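Welcome! Please take a first look at the structure below, and then read through this short briefing.

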Amino acid sequence: MTHFAVAAVGADRPGIVAAVTRAFVDHGCNLEDSSMTILRGQFAMMLVVDAPEGVGAPELEQALAAPAAELDLVVTVRPAAEAEPPPPDSSWRVSVHGADRPGIVHGVTSLLAERSVNIVDLSTRVVGAPGNALYTMVLEVTLPPGSDPTGLARDLEAKAAELGITCRLHPSEADIL
Amino acid sequence: MGVRPVLALPDPFLQRPSAKVGAVDAGALALATDLVDTMRARPACVGLAAPQIGVGLRAFAVDVTGHRKARSCHGELVLFDPELVEAQAPEVAREGCLSIPDLTGDVARATRVVVRGTGVDGAERVVEADAFEARALLHELDHLDGFLFLDRVASAHAVYRRKVYR
């Protein structure tokens with residue numbers, strides 16, 4: 001079995017998931033992890049599928065061409081290397097909020113990248129009236145071995161002050177049950 | 001003064017830690033009245049902290065009377081210079097905030113707390129609360145340190161757009 005990462009984006013309407021996944025079923029593929037959501041009217045699907053011998057990226061692309069054309073989706077397929085499981089105990093959360101302006105995501109994530117901090121999950125929301133909009137971003141990150149969370153928290157706060165926003169680093173909540 | 005306008009993010013005032021109130025004087029009592037009046041003026045509002053009405057002092061009002069998730073209920077509660085004495089048994093639940101009217105988020109909070117502060121009569125008050133009232137107290141305590149629920153959401157996918165404020 002080979003893993004493929006598939007991404008599909010298009011204007012939201014009923015039937016997108018059913019149409020795309022039908023192509024996988026027809027080729028004996030298993031769906032593994034996926035994340036699918038509506039972003040301002042665009043339905044975005046990201047998934048990893050496990051394909052049987054003989055089914056490669058060209059076959060999957062061909063199978064997806066029909067639903068992509070019918071539903072006006074942009075679809076990409078690429079082979080995915082086996083993922084290393086993340087270390088269990090280095091998970092942190094970064095909360096960011098402030099007046100909307102260009103460069104918040106880039107400013108915060110550049111600092112994280114400089115420190116080899118890996119982003120595991122990220123989502124953003126913009127709400128409120130234009131001119132006084134609130135931008136929020138929550139990231140789940142893993143710190144490389146030997147990192148100094150206190151120093152990172154301080155540097156994130158300094159970066160946030162530069163951007164006129166608030167940025168806080170917390171250990172991720174331990175599982176409660 | 002009575003009902004005051006409520007500040008909303010991204011107003012940076014909400015992120016500042018507040019100062020101690022100290023002795024409960026006429027100014028502190030006027031603040032207590034404004035907090036309660038403003039809280040009462042908003043439907044389904046169960047708590048309001050001084051920074052939310054633009055006052056950088058450690059004071060809040062809470063009233064969870066009649067809320068379906070409440071167990072302990074101290075009725076109308078105004079505390080000055082409150083401190084968290086004990087917090088146990090965290091649970092994740094959805095929270096909103098008048099100062100973030102368009103979003104809600106899942107936040108882990110203790111479900112049993114002891115909070116000590118000064119009441120409107122100037123005497124020390126020790127409040128033991130659980131369930132929803134405990135969550136409300138912790139949410140308001142956070143405001144006094146410049147923390148909002150967005151700073152505490154449980155994961156990257158735990159922030160939601162609110163449909164209706166109720």
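Helix axes are lines fitted to C-alpha atoms over the stretch in contact, and angles run from 0 to 180 degrees between N-to-C directions. This is a predicted model, in which local features need pLDDT of at least 70, side-chain atom pairs count only at pLDDT 80 or more, and totals for chains, interfaces and linings use all residues. Residues are numbered from 1 along each chain as its sequence is written, while chains are lettered from A and ligands numbered from 1 in the order in which they are written.

**Confidence**
- The predictor gives the complex a pTM of 0.85 and an ipTM of 0.76.
- Chain B has an average pLDDT of 95, and 97% of its residues score at least 70; pLDDT is the predictor's confidence in each residue, from 0 to 100.

**Chain A as a whole**
- Chain A has 4 helices and 8 strands, where helices (H or I, at least four residues) and strands (E, at least two) are DSSP runs, numbered from the N terminus.
- Starting at the N terminus, the order of elements in chain A is β-α-β-β-α-β-β-α-β-β-α-β.
- The C-alpha trace of chain A spans about 50 × 40 × 35 Å along its principal axes.
- Chain A has 177 residues, and 23% of them count as buried (20 or more other C-beta atoms within 10 Å of a residue's own; 12 or fewer is exposed, in between is partly exposed; C-beta atoms are placed from the backbone).
- Among contacts in chain A with a separation of 6 or more, 68% come from residues 24 or more positions apart; a contact means that the C-beta atoms of two residues, placed from the backbone, lie within 7 Å.

**Helix pair α3 and α4 of chain A**
- Helix α3 (residues 104-114) of chain A packs against helix α4 (residues 149-163) of chain A at an angle of about 155°, with the axes 10 Å apart.
- This makes α3(A) and α4(A) roughly antiparallel (angles over 145 degrees; under 35 is roughly parallel, 65 to 115 roughly perpendicular and the rest oblique).
- A:Ile104, A:Gly107, A:Val108 and A:Leu111 of α3(A) make the contact with A:Asp155, A:Leu156, A:Lys159 and A:Leu163 of α4(A).
- The residues of this contact divide into 5 nonpolar, 1 polar and 2 charged (Ala, Val, Leu, Ile, Met, Phe, Trp, Tyr, Cys and Pro are nonpolar, Asp, Glu, Lys and Arg charged, and the others, Gly among them, polar).

**Helix pair α1 and α2 of chain A**
- Helix α1 (residues 16-26) of chain A and helix α2 (residues 57-71) of chain A have axes that come within 8 Å and cross at roughly 165°.
- α1(A) and α2(A) are therefore roughly antiparallel.
- The contact of α1(A) with α2(A) includes A:Ala19 and A:Leu64, and its residues divide into 8 nonpolar, no polar and 2 charged.

**Where the chains meet**
- In chain A, 19 residues are in contact with 18 residues of chain B.
- β5 (91-99), β6 (118-127), β7 (134-142) and β8 (165-171) of chain A each give two or more residues to the side that touches chain B.

**Backbone details**
- A:Arg40 is not a glycine, yet has a positive phi of about 45°; A:Arg40 sits in the loop between β2 (30-39) and β3 (42-51) of chain A.
- A cis peptide bond, with omega about 10°, joins B:Leu9 and B:Pro10.
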